Amino acid sequence: MKRYKDLKTEQLAGALEEQLKGQLAQKEAQAAGAPSAEAAATGLSDEELFAFAGFDASEAERGGYSNYSYWRATLRVFFKNRIAVFFLIVMVLTLLFTFIQPLLPNQRDPLTIHYNETGRTLSNLAPGQEGFIFGTNNIGQDIWARIWSGTRTSLFIGFTVACVEAVLGILMGVLWGYVRKLDFFFTELYNVCDNIPQTLLLILISYILNPGVDTIIFALCLTGWLSMARFIRNQIIIIRDRDYNLASRCLGTPTLRIVFKNLLPYLVSVITMRMALSIPSAIGNEVFVTYIGIGLPLDTPSLGNLIEAGRELMTIPFLRYQLYFPVAVLALITISFYVIGNAFADAADPKNHVK
């Protein structure tokens with residue numbers, strides 16, 4: 001064992017000796033005027049090789065350039081999801097047709113009651129009879145026209161409520177989570193408002209105010225922002241005290257700039273998902289309020305009115321189509337927004353942006 005250690009020591013000493021001899025020979029060659037190994041490899045002299053390089057701003061920017069774009073990467077990941085793209089196409093076509101349907105030829109007014117030549121009401125016609133694509137209801141109104149008119153009304157309510165909830169929810173959530181002095185106030189406000197059942201609030205407002213689209217929107221927006229605000233508040237608390245935010249505060253960065261540059265961009269994916277889900281939720285609430293009889297008046301077509309009218313005919317087998325058609329449109333809108341919202345939220349997550 002001792003002989004083996006002596007042999008390894010001799011080998012190491014020999015290698016070190018050869019390395020020192022090589023370095024000494026290189027220094028003697030440089031002193032004699034011979035070029036160094038680096039100079040010989042590049043074809044430059046030692047003076048050119050080790051001279052100070054000048055600063056070029058364009059070269060510095062080119063060296064740090066990256067063609068990464070957040071939104072381009074988000075869209076690239078989103079369009080790889082074929083199911084989401086399919087529902088996006090379906091949703092876009094549905095929205096377009098909803099608004100161009102009244103402009104098409106041979107379209108009937110959704111509120112007009114139709115009669116035959118003898119003056120009899122064309123009530124409860126089956127789909128396809130007398131040129132009515134979806135048939136007529138019990139008073140002779142065109143169900144096809146009423147469905148698309150009701151879809152426009154319900155989508156307007158859904159988008160309006162979603163936008164109001166997003167603006168109020170994000171604003172209140174950021175203040176609630178970032179400004180520590182306001183935490184107690186918003187916490188108590190949330191506890192008070194959250195303990196009031198939304199259904200009871202909708203019923204009371206519908207009884208107090210005149211039924212209409214404005215009343216439904218006001219009732220849904222009154223407490224609808226609470227869930228969004230609480231969600232944003234929890235997310236802000238998670239990232240509020242991270243190193244880059246602490247550094248920004250130490251450097252004197254204004255609070256608004258920290259919020260819009262450091263905090264909200266990090267939450268794009270979750271905010272998008274919440275907004276996409278709030279649209280069908282608002283439509284569902286409108287359908288529920290109308291279903292219990294305190295929603296929109298009958299002269300304002302909506303999916304809620306159509307489903308309520310069809311529900312009363314469920315016991316009559318040959319009239320069930322008056323329920324199936326509006327339910328199918330509502331299901332299509334709800335499923336499309338759900339799939340698109342979840343897919344876009346996943347695509348907006350920078351962790352999924354692989355070049």
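A salt bridge here is a side-chain nitrogen of Lys or Arg within 4 Å of a carboxyl oxygen of Asp or Glu. This is a predicted model, where local features need pLDDT of at least 70 and side-chain atom pairs count only at pLDDT 80 or more, while totals for chains, interfaces and linings use all residues. Residues are numbered from 1 along each chain as its sequence is written, and side-chain values use heavy atoms, with hydrogens and water left out.

**Stop 1: R180 and D241**

Select R180 and D241. Their side chains form a salt bridge, at 3.1 Å from N to O. Now look at where the two residues sit. R180 is in the loop between α7 (143-178) and α8 (183-194). D241 is in the loop between α10 (213-240) and α11 (243-250). The pair therefore ties together parts that are 61 residues apart in sequence. Helices (H or I, at least four residues) and strands (E, at least two) are DSSP runs, numbered from the N terminus.

R180 is partly exposed, at 49% relative accessibility. D241 is partly exposed too, with a relative accessible area of 35%. The classes run as follows: buried is under 20% relative accessible area, exposed is over 50%, and partly exposed lies in between (1.4 Å probe, protein chains only).

**Stop 2: R240 and the network**

R240 is buried, with a relative accessible area of 12%. R180, R240, D241 and R249 are linked in a network of salt bridges.

**Stop 3: helix α14**

Move to residues 303-311, which make up helix α14. Select R311 and E308. Their closest N and O atoms are 2.9 Å apart, in a salt bridge. The two residues are three apart in this helix, about one turn. Is E308 buried or exposed? E308 is buried, at 14% relative accessible area. R311 is partly exposed, at 34%.

How many salt bridges does the rule give? The count is five.

**Stop 4: H114**

Finish at H114, in the loop between α6 (82-100) and α7. H114 counts as buried, at 15% relative accessibility. Show its contacts (heavy atoms within 4.5 Å). Leaving out residues up to four places away in sequence, H114 touches R108, D109, R120, T121, L122, F132, G140, Q141 and D142.
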